[in-house]
Amino acid sequence: MTTRTARRNRRTLQVAGAGTAALLTLSACSASDDSSSVKSGSSAPGSSSDKLSGTVTVFAAASLKESFTTLGKEFEKQHPGTKVTFSFGGSDSLAASITGGAPADVFAAASPRTMKIVTDAGDASGTPATFVRNQLEIATLPGNPDKISSLEDLTGPGLKVVLCDKEVPCGAATQKALDAVGLGLTPISYEQDVKGALTKVELKEADAAVVYRTDVKAAGDKVEGVEFPESAKAVNDYPIALLKDAPNADASKAFIALVQSAEGQKVLTGAGFLKP
Amino acid sequence: MTTTAKSDAASGTLRGGPRRRRVREGGGRGAPLPLLVPALIGLAFLVVPLIALLVRAPWRSMPEQLTGAEVWQALRLSLICATAATAVSLVIGVPLAWLLARVEFRGRGIVRALVTLPLVLPPVVGGVALLTALGRNGIVGQWLDSWFGITLPFTTAGVVVAEAFVAMPFLVISVEGTLRAADPRYEEAATTLGASRFTAFRRVTLPLIAPGIAAGAVLAWARALGEFGATITFAGNFPGRTQTMPLAVYLALQSDPEAAIALSLVLLAVSVAVLAGLRDRWMTAG
Amino acid sequence: MTETHGLAARTAPDGLDARLVVDRGAFRLDVTLTVAPGEVVALLGPNGAGKTTALRALAGLTPLTGGHLRLDGAALERTPPESRPVGVVFQDYLLFPHLTALDNVAFGPRCQGAAKAEARAQAAQWLDRLGLADHSGAKPRRLSGGQAQRVALARALATRPRLLLLDEPLAALDARTRLEVRTQLRRHLAEFEAVAVLVTHDPLDAMVLADRLVVVEHGEVVQEGTPSDIARHPRTDYIAQLVGLNLHRGHAEGHTVRLDTGPAITTAEVLSGPVFVAFPPSAVTLHRSRPTGSSARNVWRCEVAGLETHGDQVRAALTGVLPLAADLTTVAAAELDLHPGAEVWATVKATQTHAYPV
């Protein structure tokens, strides 16, 4: 703990360039339990920027990569002296890392189930909040040459469809949507994650895949998205939580607040996410 | 073992006299401590994780975990594909090793580096590379598709291709090393007896390097059996067709770590049994 | 180059007619070989002289960079080794370790298209001829050195070659086996009706086994002739050492040969012009002090450089006005108190020297 404080102090000194700043930081630390500071951090960046410092470590689902990277840069701009570092990956393995003791401040998962692994282990501080939702979409080849317009079209003969494996969130959601309409669909492969499924379509090895809207958006013009009504039955909630052993709790709260703010939501919806 | 050696050494030092001999007794026929200690650490490093797997294995629920048809389907597919991939590697890898070892040509060093590239390539990247080459729209695959109607991705043959791609370098390196160590003059002797270079290779060189080929084949087989990244990327994951044990283990890990451990143990037991059997019959004979 | 001997001048197309040129940057081999069928020729020379390169060139294992190669009238320069009617007995035999003696010998006939049974029958005959019938089922590692050598010979002969090449055929054997195998090999070579060329650095092997010697040094033929001819008239220090003679070169005027290095030797022959003078080490007599009553005309002061014992003989290497090798009994050596650095006087009778034109 002493070393961490010392490190934070040094950083502050570099930024402020004055010895008195260290005292300010110390007082900010002692006041960090006050949750009101989080709100002020996001709503009035100018007034609180001198209070926040240090590094915020965020573990986030791979699908959040683009939007969270943008938000991280924004956060650092609003709060000079802070730094946001990310670890993007599969929600399952991230959850395993956190319960295994990885030093993280914030966890943003792609499913309530994976978040539950962390809350069950008692590693989250407070109740996780859903900050965005993600909906399934069919990814087809550019121009949709197979004229796919519904989930049922995927059962057509000779069509090569890949799905996520039922063990991973996107696969579970797909299964839920298929079950909702009582449709049996045999793919050529159950992929180990959503990127694997998308890649198969991008490389034109598969004709279609059921993936998230955000993935379709991120793939640009390499795939074409087809919305389907059943996706409403399998909307995925993305929860975010401050972790109990967060080394930098005050700045972390500010980051969570930024994600939930109107500004943050704009970035996320721009990437294809739905508002909670 | 380590503690015995250390305490013996320590007591020997205290008494001054028979230190060396005592270390020798403790450490097994004169192994010097600077070698013995790292050697034992190395052994522990490799063995302890496997022991941990055994200790934490859900022995009580094991029977239920392993009764599913999918387990045996995956195991059978793994064994078939690894063996087929080894066979493919032998048929095209041994001649490649011969070319690298025995024929002087420009750029041989570059070719050798290319051959070993799959060793350092992340297997997932290898899988993507295979897709771009042999996939439905790959630079070779599109012709395979339009001329012969052959598509490799998402098929069992695709699993064999992915495993062979990753495993063959092990065989080529092993066989090339054996060939370099083998006396090329035996081939010369054969040609003076009227044998063409191919006959000389088949009837003289091949039997001479058989132990090296066997060792390389075992390495390749073991690598193919554990292959994950290239397989799932190139051949996908479908039970009974392309879902090998490592894929089943990985996906089980997402939801049920206990099932994953149980599956891993089955794979481990089968490969240990096969390798031990081969070692007794082949490796020592050579 | 030296004058060619005997059969070299023949014009008949049978046999071997070759000029072997192999250029390898720093080393150049240029050797002319003419051998009649039934003749055994030994390529004799120090290590690195190019003997083995010449042999490999004949077998087609090393490509020629120039010259020609004709066997029984047919040009072979471009023929690959497997198509040449050439059999090779390699220095360490190179018997295929995974095959029995019988299958080693049957290998050649098999490659020439014989059926398996036929090839084995031929191989059994060859092994029988070489007295190896009892060992036909043995793997090479179970054979003694002499047996392995005969299996290698049988393997080479089983292809019915028109040119048999032997690379240091006895070098891999211990002294005792060597004597026995050498005698056997001589008998087998005498029976062989085509051309045989063997490579050796051992003069005794060469002289026992070959009808004619071709001495190669630095990639060139320095002398060729019958063993006795070469033993009596060595033309290089290497050959003189091989055959155990003191050899000096100089300019003759009557009975005196003035050596290129200064001193003179009195000889029995009367010659003029450039000559070689040769005399055996046994012709050199040593004295502790300058001899006075000796009739010897050649007296030199020398210093002992080294001593070597051969049975009850001691060979002394001497330095001084001219290098000499002298043989004396161990008793005589003890009486003279010979030791390296000792000063001695050496005498040689003119009648024991032999001078011949260069």
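This is a predicted model: local features need pLDDT of at least 70, side-chain atom pairs count only at pLDDT 80 or more; totals for chains, interfaces and linings use all residues.
A crossing of two helices is called left-handed if the near helix is turned anticlockwise from the far one by less than a right angle, and right-handed if clockwise. Helices here are DSSP runs of H or I with at least four residues, strands are runs of E with at least two, and both are numbered from the N terminus. With that in hand, I turn to chain A, where α5(A) passes α11(A) in a right-handed crossing.

Residues are numbered from 1 along each chain as its sequence is written, while chains are lettered from A and ligands numbered from 1 in the order in which they are written.

To return to chain A: helix α5 (residues 65-78) and helix α11 (residues 249-260) of chain A pack at an angle of about 120 degrees, with their axes 10 Å apart. Axes are lines fitted to C-alpha atoms, for helices over the stretch in contact, and angles run from 0 to 180 degrees between N-to-C directions. That angle makes α5(A) oblique to α11(A); angles under 35 degrees count as roughly parallel, over 145 as roughly antiparallel, 65 to 115 as roughly perpendicular and the rest as oblique. Which residues meet in this pair, α5(A) and α11(A)? From α5(A) they are Leu71(A), Glu74(A) and Phe75(A), and from α11(A) they are Phe255(A), Leu258(A) and Val259(A). Contact means that the C-beta atoms of two residues, placed from the backbone, lie within 7 Å. By class, this contact of α5(A) with α11(A) has five nonpolar residues, no polar and one charged. Here Ala, Val, Leu, Ile, Met, Phe, Trp, Tyr, Cys and Pro count as nonpolar, Asp, Glu, Lys and Arg as charged, and the others, Gly among them, as polar.

Chain A is also divided into domains, with bounds from an automatic or database domain assignment: domain 1 (31-133 + 237-270) and domain 2 (136-234). Their C-alpha centres lie 30 Å apart, and the contact takes seven residues from domain 1 of chain A and eight residues from domain 2 of chain A.

Next, the chain contacts. Between chains A and B, 14 residues of chain A and 16 residues of chain B take part. On the side of chain A, the largest share, three residues, comes from strand β7 (residues 189-191). That side has five nonpolar, three polar and six charged residues. Between chains C and B, the contact takes 17 residues from chain C and 14 residues from chain B. The side of chain C divides into 10 nonpolar, five polar and two charged residues.

Within chain B, the axes of helix α5 (residues 69-102) and helix α9 (residues 156-181) come within 6 Å and cross at roughly 40 degrees. This crossing of α5(B) and α9(B) is right-handed, and the contact has 21 nonpolar, four polar and four charged residues. An unreviewed UniProt entry lists residues 75-276 of chain B as "domain: ABC transmembrane type-1"; such positions are given in the numbering used here, feature names are shortened, and annotations may be inferred rather than shown by experiment. Over residues 75-276 the chain is 80% helix and 0% strand.

Finally, in chain C, the axes of α2(C) and helix α3 (residues 116-129) come within 8 Å and cross at roughly 120 degrees.
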